[in-house]
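Biologist: I am new to this structure and would like to go through it step by step. Please show it first.

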Amino acid sequence: MILLAAVVSMVAEAQGSITGRVIDEQSQPMPFVNVVLLNRADSAFIVGAVTKDNGTFTVETDRNDGLLKVSSVGYQPQYIQVRQGNLGDIQMLPDNQTLGEVVVKGHVPSYRMTTEGIQTNVENTVLSKLGTGEDVLAHVPGITKKDGAFEVFGKGAPLIYINGRLMRDASELDQLKSENIKSVELITNPGAKYDASVKAVVKIRTKMPQGEGFGFDVRSSYYQSENTDLVEQLNWNYRHNRLDVFGTIYYGLNNGHYPSTTTTIVQADTLWRQNFVQDYNPKKQSWRNTVGANYLLDGNNSIGLRYTLTLRPDNHTNTSMGSEVTANGVYFDRLDNTVHADVNYCPAHLLNVYYKGKIGKADIDFNTDYLYNRESDHAVYTERSTNKDNRVVNSENRERNELFASKLAVDYPLWSGGLTIGAEYTHTNRNDDYINPEHYVPTSFAELKESHIAPFIEYSRQILRFQFTVGLRYEWVNFDYYEDSRHLDEQSRSFGNLFPSLSVGTQFGKVQMQLGYTAKTRRPTYQQLSNNVTYGNRFLLQSGNPFLNHEYIHDLSLMGVWKFLQFAVSYNDRRDAIIYWAEQQAGNSSVTRITYQNIPTLKSLSAQIAVAPKFGVWSPELSVGMQKQWLTLHTDVGNYRLNTPIFQFNLDNTLDFGQGWVAAVDAYLNTKGNDENVYSSRKKSAVNVSLTKSLLNDRLSVRIQGTDLLHTEKQGMLMYAGRMQSEQISWYDSREFVLTIRYKFNTTRSKYKGTGAGNAEKNRL
């Protein structure tokens, strides 16, 4: 509260202001609209501003009157004679334009630059008819779906926000109807407001909620591949006046089948070679129950809480693996392993409490989160050897995580711009125990405690035709490592880092561009820091490395938009980059331990271009991306130049036939190339199709889908690590038939505005 009081009182009311709100043709608020005050006599620039998420703006000026220009790509510019005071709502009108054979409707622009990234319109486009939020994201340039998760090209997994609240599990995208999405904003250079470990952010904005009373929607999905998967989900909401109560009941069943072959070569005092054939079959069930309430104190202030209880009643895996071992080319042994693992999850709890409001001119966003989960994994390894003794190995892995986090952010208009100041605090306590009664690997009891404090400040202002944003974030971390209740000083550490950011955006005609620099970090996960040793077989073990350093990353990027085309280029320098590594056991070179280590630097360049025109009922989208790194890896057995670029091609085709019929045909191809110390040794591709029919005035929808029709989605990875080379060829249970039926009744969307705290720390857990 001291920080809040300081911010609210830091600026005296020294000058007047012009305020208002910008809305579109459907009376929806428009964010990131340019608002410029001009001199009446000669139209000379005086001062400028950009609208917020709710469409409001404030222009601080000592002029009593002037000419206000309001402009946004795809809309007709508005010129208004103004005086100081509140102008109320300013409605923008579509700017329809025809481009040869390509028709672009002004009221549904495909892309536009914002102060942070590139926004893709969804409302009133064919994207709004695809089915779910997951389907929409898969069609946004720069975002790809790999192995069931989303990645941003050249940046990795993003944080996803829905109306300012962090998405905590993928089912939230499935429960979000595409028709309710207004826009998707992709931020590839997040500023000081975000945790320094966040490389990319996706912001989903939904349309304004309508109606009151009770509403619900129900979804049932059936997935048939080599196994059967199910999703059953009920979302409910009750809204009356200022009170909003909501909840979700979700059940998921997932059966996997993942065969693979692996060859490892270890060049120690003996040349060891293993050929593996593995079949991994997991079964996972989960119940997720969410309940929350939101209360509007007045038009500008709201409070709320959200509680999620997760149960996983039946989770186990069965793995079979056969391997042949040679020493200097001579047969040494054959191992046949079976592994049965049962995972016991205790109920997991996640609570978020928030306040979001306005005090004077200051916008306040405060969140507190508490997370607790606990699990134990009991595995039995039955290992049969041709030449050596057979083994039965029992392991018990117990984990307990507890997190408390708070975040405060305050926005304030200052010097004709906008100031954001705030801080984030997290405290994590993790117990990680590994028990092997046969002592084939060490038994250990580890406890990891980390406190993380991060104040930040960011200022944004428009000068002439340029939008400048500058920010600074300081992160102080205190990490304590305990093993068998003893504090280990060498593994424990405290450190602080500054993370500056700067971006400049502008527009020349129809071309919008933004150049940005950010300093980022990548903190090792707690699993990567753990000293526990996991048993694979008698020749192969895996563990973390408690001596890992955090990465410090320099990122320079340029992005732009022109009509239905967008492009992005990013240069990245990772200092102390974390990669997989292999070490030989002292006194026994036949045993290899897979772990992690830091390398001094890893530089890379990524570039992507995407075009998305529209031809009648057909909306194609073609994107081409390239990712290249510069890395010479030095090992005890040689040096490797790992500089081959990876190319990615995506072609999405959506056809809106009208009368509720929408079809999609999508395909992608990833070429061979290097990523870190791994060479992708096989091309990866897939073709997916879907057909959706809406009925009963869109209350009922039926969708059939076929994924990876040609069953070509396989992956080859050749890893160079220490004295070891390892190549794995993996097949995915990805050729699948999906049937989804949805029904909604008087649905209303929650007014919940909690954004969460400690989000990056949750991902590390």
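Biologist: In which loop is lysine 563 found?

Modeller: This is a predicted model, in which local features need pLDDT of at least 70, side-chain atom pairs count only at pLDDT 80 or more, and totals for chains, interfaces and linings use all residues. Residues are numbered from 1 along each chain as its sequence is written, and side-chain values use heavy atoms, with hydrogens and water left out. Strands (E, at least two residues) and helices (H or I, at least four) are DSSP runs numbered from the N terminus. On that numbering, lysine 563 is in the loop between β37 (551–562) and β38 (565–585).

Biologist: What is the phi of lysine 563, and how accessible is this residue?

Modeller: Lysine 563 is not a glycine, yet its phi is positive, at about 50°. Buried means under 20% relative accessible area and exposed over 50%, with partly exposed in between (1.4 Å probe, protein chains only). Lysine 563 therefore counts as partly exposed, with a relative accessibility of 31%.

Biologist: Where is aspartate 576 found, and what is its phi?

Modeller: Aspartate 576 lies in strand β38. Its relative accessible area is 30%, so aspartate 576 is partly exposed. Although aspartate 576 is not a glycine, its phi is positive, at about 60°.

Biologist: How many strands does the protein chain have, and what is its radius of gyration?

Modeller: The secondary structure comes to five helices and 51 strands. The radius of gyration is taken over C-alpha atoms, and the globule rule is 2.2 Å times the number of residues to the power 0.38. For 765 residues the rule gives 27 Å, and the chain is close to this, so it is as compact as a globular protein of that length; its radius of gyration is 28 Å.

Biologist: What share of the residues in the protein chain is buried?

Modeller: The C-alpha atoms fill a box of roughly 95 × 60 × 50 Å along the principal axes. Among contacts (heavy atoms within 4.5 Å) with a separation of 6 or more, 65% come from residues 24 or more positions apart. Of the 765 residues, the buried share is 52%.

Biologist: In the open sheet of three strands, which are the edge strands?

Modeller: The sheet has the order β4-β1-β7, with mixed pairing. Strand β1 (residues 16–23) runs antiparallel to β4 and is joined to it by six bridges, with arginine 21 partnered by threonine 56 in β4. Each edge strand pairs on one side only, and these are β4 (56–61) and β7 (85–91).

Biologist: What is the order of the open sheet of six strands?

Modeller: Its edge strands, β10 (111–113) and β15 (165–166), each pair on one side only. Within it, six bridges join β16 (residues 181–187) to β17 (residues 201–206), which run antiparallel. The pairing is mixed and the order is β10-β11-β16-β17-β14-β15.

Biologist: How many residues lie between β41 and β42 in their hairpin?

Modeller: Strands β41 (residues 632–635) and β42 (residues 638–641) pair antiparallel over four bridges. Threonine 635 has glycine 638 in β42 as its bridge partner. Between the strands of this hairpin, the number of residues is two.

Biologist: How is the aromatic pair of phenylalanine 479 and tyrosine 481 arranged?

Modeller: Rings of Phe, Tyr and Trp (its six-membered ring) pair if their centres lie within 6.5 Å; planes under 30 degrees apart count as stacked, over 60 as edge-to-face and the rest as tilted. The structure holds 16 such pairs. For phenylalanine 479 and tyrosine 481 the centres are 6.5 Å apart and the planes are at 45°, and the pair is tilted.

How values were computed. Pairing = 2+ DSSP bridges.
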